[in-house]
Amino acid sequence: YLGVQRRQDLKPEISAAVFATKPPQLLKPIVKAKGISLILVEEIIQPELNDQLRYQIWSELFGEWVINQIESVSGVTSLR
């Protein structure tokens, strides 16, 4: 059991399958190199833009901007 997962925490092929379902639904088995995943989607929680989420988004975007600025000045591309 993984609990609540965000879209960006899932691999693209799994994310596409999860967010195309109508919960509650058991997805068909997903075969991976390390085994098979069985995913039960209990619910999809719609995000709510509150102050905490707004700050989190702002922080992530600002962090990316700072890294881009440092890379453009120094020519370093390994900060990510």
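Guide: What follows covers salt bridges, then a serine in a strand. This is a predicted model, where local features need pLDDT of at least 70, side-chain atom pairs count only at pLDDT 80 or more, and totals for chains, interfaces and linings use all residues. Residues are numbered from 1 along each chain as its sequence is written, and side-chain values use heavy atoms, with hydrogens and water left out.

Visitor: How many salt bridges does the structure hold?
Guide: There are 2, a salt bridge being a side-chain nitrogen of Lys or Arg within 4 Å of a carboxyl oxygen of Asp or Glu.

Visitor: Which side chain does Asp9 meet in a salt bridge?
Guide: That of Arg6, at 3.4 Å, N to O.

Visitor: And where do Arg54 and Asp51 lie?
Guide: Both are in helix H2 (residues 51–74), 3 residues apart, about one turn of the helix. Helices are DSSP runs of H or I with at least four residues, strands runs of E with at least two, numbered from the N terminus. The Arg54 and Asp51 side chains form a salt bridge at 2.8 Å, N to O.

Visitor: Is Asp51 buried or exposed?
Guide: Exposed, because its relative accessibility is 61% and the cut-off is over 50%; buried is under 20%, partly exposed in between (1.4 Å probe, protein chains only). Arg54, at 42%, is partly exposed.

Visitor: Now Ser37: which strand is it in?
Guide: Strand S3, residues 35–37. Ser37 has 14% relative accessibility, so it counts as buried.

Visitor: What is Ser37 in contact with, leaving aside neighbours within four places in sequence?
Guide: Lys28, Pro29, Ile30 and Lys32, contact meaning heavy atoms within 4.5 Å.
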